[in-house]
Amino acid sequence: MKLVAPSIHYLAIAPELALLGGALLLLFASALRPSRISNLQATVVTAASSIAVVVIAFFQWSDVASHGARTTIDHAIALDGFSIVASAIVGVGLLLSTLVAHDWAKRANVRNGEFSILALAASSGAVIMAQANDLVVIFIALEILSIGLYVLVAFDRHRAASSEAALKYFLMGGFASAVFIYGAALVYGATGTTNLSSISYFLGKNELLRPGLLIAGGALLLVGFSFKVAAAPFHSWAPDVYQGAPSPVTGFMASIVKVGAFAAFVRVLISALGTQQDTWRPIFWVLIVLTTFVGAGLALVQRDAKRLLAYSSINHAGFMLLGLWAGTVRGAAATLYYLITYAPLVIATFAIVTLMGGPNDTSHAVESYRGLARRQPWLGGAFAILLLAQAGAPFTTGFFAKFSVLSAAVDAGGAPIAIIAMVAASIAFFFYLRWTLSLYAEDALDAPRIVVPWPTALVIAFGVVTTIVFGIWVGPFADLAHKATLLFLP
Amino acid sequence: MHSSLWLTALLVVPLLGMALLIAFRKVTKGAYIVGVATAAVELAISLVVLFLYNSGIKGAGTFDFAYRLIVAAPFGLAYDVAVSGISIVMIVLTAIVVVVALLGARETKHEVAFVCWMLFLLMATMGAFVSHDLLEFFLFFELTLVPSYFLIAQWGGPERARAALKFFIYTFFGSGFLLVGILYLGFAHLHQAGGDLNFSYGILSGTSLSHGTEVWLFIAFAISFAIKSPIFPFHTWSPIAYAEAPTSGSMVLSALLAKLGTYGLLVFAVGLFPLALHTIQPYVLTLAVIGILYGSALAAVSKDMKRLVAYSSLAQVGFITLGTVTGSKLAMVGAVLLMFNHGVITAAFFLIIGYIEKRRGSYLLADLKGLQGPAPVLAALFTVVMLASIGLPGLSGFISEFLILLGTFGTHQWWGIVATTGVLFSALYLLWAYQQVFQGKAEGPNATIKDVSGRERLIILPLIMLIVGLGVFPQPLLNRITPSVQQIVVHVAPTGVSK
């Protein structure tokens, strides 16, 4: 038998090559000369790789704009507007997270060489996930992403909670991966292919007499994805893991995993299973109602900042699902826009949480934020803006993120679910607002000052400035998400 | 067509004031001056807009100062400003009330932050009134929540946290319906006409919808505006919010934010879904009349002055609602005029209550007695405002209520008859309150209070002048309101609602 190697369009896989290259460089360097790798060097390599991803995205964009979307490596990898924007978000997310982690490592006295390697590898998983056009590739990417994160969550070896969280995440994540691959197998059984385009083509041409296998497979894929994006009722790992993981990892995880998983989710649902919309829509309906309300409702009673933000991210996941529910171009664009705006916001929020956690990363009571804005107006004010943006206050990107998914849902005939989601949003808005108000309390003025190192300050400033500037000058990102989705692979 | 820069200035000036405050936040003494100066500039600009406003521009409806800039095409988001004869009145009201509130109801605790939030609220309210685009209106409408929440929650009375929460949850819940309604309408238009997503008021008013859809959209819009106004039975947040808010907060809440609700009901609900009005009318009219009677009854048994004014506001908003939905031009003009007059009157009420509270440390009716002995001028000021609120001819309240009732009698006699009793009730509860607070023999701390100072008199003077002036000569406002109301009535008329 003769194996023919498939042709490779290297520009398409350049982002993951850059990330893996950075990881390998650090890996070899630290293996060969362990004493010579300083935190600074590791951070510089990671930052360079992530900037490379963003730069490559520009080249990819001009390539796709002139030649159209394409697939490569035997149609397993897609190069289209959607994947380009998603991988650029991963690049930006990695860059911001690295800066936060750098300061954290210095304070916590952690050697961050390994940290950078794992973060780079996990990011490459997220990028591949966004590009994957085949269920098997999605699975592999999901594993690359997850395995890196399992270790990162356990990175704080001095804290038992960190290891506990990692174990929980590993068990739950492993289970979710198993469910996912089983779903992929069933879909293969029903359609004879794992390639998303081929599945779509097959389902478009053929009427399944006994659709049970496909429905079961689709349902299992959905469960697998729901675990990864922490949609209720598959969310129970998220609060524990968010709380236990080192804070910079939590921010990284909250942004990168959501980008990778949602990008793949959009591709599977809208590209491969688009014809089965009537089957999965009702399931999504329930998922969205549960996810938005569980997130908003349980966040109300949290006393730990990281748990609270975990529930808040569950609530956000519910809104992102709303864009998927619509299942239209507008819906996919809305989810993409949500991801673009959410990533810097959540990383900047966790940057402040990291600072507040102190050298041991343990003081995370919501109570300890009382009066922050009175003690340190700049830091507290920035946190207030980030919280209001996450809540969806007008003239922040958070508002337009919610607006975009709601409008996509209404466009697709989902006015009732849009109203339900708005009710959940009002609950969520309330706990953000309450937290914001407590920042301005006057009865906690004697807490120690938080020192803000400049790399972290840069990340916070980036989050605050983008959310306000692009909350008023809405056009650029709205157009980007829209155009990226129009360049979607059919 | 006048330059839209005037309207943009209305949005930019408060922001500049805020920037100045934040830049020099260490200089706490200057905050008061900067705040008042900014609001005064705002007032000056709004007066310029009032005088320049021309309702007769061809092809623009009755809109002037129009300008539209697409901000984000995929979202249908545009910066679209214009004023009509209705919004111009509200703009002037907004500027006046904020100037008076900043001057007369100063908060010395964290003054820089306080003034910042007030200016932010001023900007958001102005934004809502100059918006000529539904999405833009919604953004500003929603934005007003944030400063109001902080004003109540940080500078309010002992139960401020609960009051702020209740206020926030109710109004945010309502705005969900508004947003989904706006989106539905936008997409209905998009699917009909094609092109880009668009939420422009002028364009969406041309959408043809089935009767059922119009009714549902009207209801979605009306719920949101009814909560904000508040209209019975959506009012339960308002007494505690008005009572617990600081004086300036109560002034702004009742005089301005409530008007966002009634303004929205008239311009967006009635203006965009005139066909639905016919079906909805009996219900809304009934709620309005119940609001008038219920508000009056609760005002009569209120134990403190702020709640009394809050419930009397409920009754007044009942009149405004009545005028808005009767479909008669007279009543609608009266309703817009009452929005302005009620804004001025309640602002004056809360300012006077603030004066009393400052002297006595309480606004409970039980604590106050015989104040007219030691403070005759205060009593006189209260009397003027009270008589205007009752609707004494010659003062501003009369003309607007009279127009509303006159119009209502023409179209909906029976509702008109019941509503008219509300005028009597208002006389009853206000005179009663006057008796309790100002008459009798002042004893203890009541006997020694100081009368209003010259400065305080000067601050309330503009409001009193408006109350008296518009009572005698409302023509300048009526001239501007009438053509714009006519525009709305034209759409209502073919359905046979109007007579």
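Is H4(B) largely enclosed by the rest of the structure or largely open, and how many of the 20 residues of H4(B) are buried? Select helix H4 of chain B, residues 111-130. Of its 20 residues, 19 are buried, so H4(B) is largely enclosed by the rest of the structure. Buried here means that 20 or more other C-beta atoms, placed from the backbone, lie within 10 Å of a residue's own; 12 or fewer counts as exposed, and anything in between as partly exposed. From first C-alpha to last, H4(B) reaches 28 Å, close to the 28 Å expected at 1.5 Å a residue. The expected span is 1.5 Å times one less than the number of residues. Helices (H or I, at least four residues) and strands (E, at least two) are DSSP runs, numbered from the N terminus.

This is a predicted model, in which local features need pLDDT of at least 70 and side-chain atom pairs count only at pLDDT 80 or more, while totals for chains, interfaces and linings use all residues. Residues are numbered from 1 along each chain as its sequence is written, and chains are lettered from A and ligands numbered from 1 in the order in which they are written.

**Where the chains touch**

Show both chains. In contact with 25 residues of chain B are 28 residues of chain A; contact means C-beta atoms, placed from the backbone, within 7 Å. On the chain A side, the elements giving two or more residues are H16 (397-411), H17 (415-439) and H19 (475-486). H17(A) supplies the largest share, ten residues. By class, this side has 21 nonpolar, five polar and two charged residues. Nonpolar covers Ala, Val, Leu, Ile, Met, Phe, Trp, Tyr, Cys and Pro; charged covers Asp, Glu, Lys and Arg; the others, Gly among them, are polar.

**H3 and H19 of chain A**

Axes are lines fitted to C-alpha atoms, for helices over the stretch in contact, and angles run from 0 to 180 degrees between N-to-C directions. Under 35 degrees counts as roughly parallel, over 145 as roughly antiparallel, 65 to 115 as roughly perpendicular, and the rest as oblique. Among the residues that meet are A:Phe82 in H3(A) and A:Leu480 in H19(A).

**H5 and H6 of chain A**

Next, select H5(A), residues 135-153, and H6(A), residues 160-191, whose axes come within 9 Å and cross at roughly 175°. They are therefore roughly antiparallel. Their contact has 14 nonpolar, four polar and one charged residues. In H5(A), 14 of the 19 residues are buried, so this helix too is largely enclosed by the rest of the structure.

Now pick A:Val153. Leaving aside neighbours within four places in sequence, its contacts include A:Ser162, A:Tyr169 and A:Val249. A:Val153 and A:Met129 have the most contacts inside the largest nonpolar core, which has 415 residues. Such a core is a set of buried Ala, Val, Leu, Ile, Met, Phe, Trp, Tyr and Cys residues joined through C-beta atoms within 7 Å. H14(B), residues 329-360, gives the most to this core, with 21 residues.

Key. Contact = placed C-beta atoms within 7 Å.
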